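Try each task yourself before you read its solution.

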Amino acid sequence: MLLRQYAVLFFYILDISFCLISIKQKNSRLYALTKPFLMPLLCTVYFLFLPQGVRDRWYQTFVLFALSFHCLGDVFLLFPRNKSRHMFYLGMLCFFIGHIFYTLWFVNADVGHSKKGVVLTVILCLILEYGLFRQLVLGPRKYAPILVPYSFGLCAMAAAIASTAGNGSPVYATLISFLGVALFYFSDFCIMRRMVRLPLFGQMTVMTTYIAGQSMIILGMLLMQM
């Protein structure tokens, strides 16, 4: 069992490495080959590292659905946006659905829940959303009407993660997942800026923060159940 765990973890890290190398070398073929395997491998890592006693709990299927929809989103976003805009919208929809399934896990998992951190997180998210609105909507931005509502999926996830703080699960586990969703939000923010022709960072930053964000969300979830 231990061998399988670390073998899958090794392949996940290897796939990340080749994916980032493909971006650096601008190798679109290698990128298209490696990116779709990121979420399936991360999902396998999650279930292999889960303690035996919680692996069969009903809410674990939310993780499977979340990462499956994120994998579909990764595939749809491989298509050039200037030629296949509908693929971009499908990718956004898949990611949004994936965020909802993540949120359902944090709400339903047997990891302890508290309302103390939720209010502060909601206030923080509203401030972020206002800043996003000012940057993406106050101007002739054709993608803004879809980009802003999409971001509320990440805000819902952040609030659900905050609900696990201080009532059963380790605080550091909640903080790791919370940092993960913050990196995920930053990655999406970079994409949003690019879509409205206000680029902030390149694809390397987008993918690095996306992969780190996903990995930290999963790591925090695992630590909550140890």
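**Exercise 1.** Find which residues Val 45 is in contact with, leaving aside its neighbours within four places in sequence.

*Solution.* Keep in mind that this is a predicted model. Step one: locate Val 45, which lies in helix 3. Step two: skip the neighbours within four places in sequence; Val 45 is then in contact with Val 8, Leu 9 and Tyr 12. Step three: look at the accessible area. Val 45 has a relative accessible area of 7%, and buried means under 20%, so Val 45 is buried.

**Exercise 2.** List the buried residues of helix 1, and say what covers them.

*Solution.* Step one: the buried residues of helix 1 are Gln 5, Val 8, Tyr 12, Asp 15, Ile 16, Cys 19, Ser 22 and Ile 23. Step two: their cover includes helix 2 (28–34), helix 3 (38–49) and helix 9 (203–224).

**Exercise 3.** Check the span of helix 1 (residues 2–24) at 1.5 Å a residue.

*Solution.* Step one: helix 1 has 23 residues, so it should span 33 Å. Step two: its end C-alpha atoms are 33 Å apart, which agrees. Just after helix 1, notice Lys 26, with a positive phi of about 55°.

**Exercise 4.** How do helix 4 (residues 61–76) and helix 5 (residues 85–108) pack?

*Solution.* Step one: the angle between helix 4 and helix 5 is about 165°, and their axes are 8 Å apart. Step two: angles over 145 degrees count as roughly antiparallel, so helix 4 and helix 5 are roughly antiparallel to each other. Step three: helix 4 passes helix 5 in a left-handed crossing. By class, their contact has 17 nonpolar, six polar and one charged residues.

How values were computed: Residues numbered from 1 in each chain as written. Predicted model: local features only at pLDDT ≥ 70, side-chain atom pairs only at ≥ 80, totals over all residues. Heavy atoms only, no water. Axes fitted to C-alpha atoms, helices over the stretch in contact; angles between N-to-C directions. Helix = DSSP H or I, 4+ residues; strand = E, 2+ residues; numbered from the N terminus. Parallel < 35°, antiparallel > 145°, perpendicular 65-115°, else oblique. Left-handed = near helix turned anticlockwise from the far one by under 90°. Nonpolar A, V, L, I, M, F, W, Y, C, P; charged D, E, K, R; others polar. Expected span 1.5 Å × (residues − 1). Buried < 20%, exposed > 50% of the residue type's maximum accessible area, 1.4 Å probe, protein only. Contact = heavy atoms within 4.5 Å.
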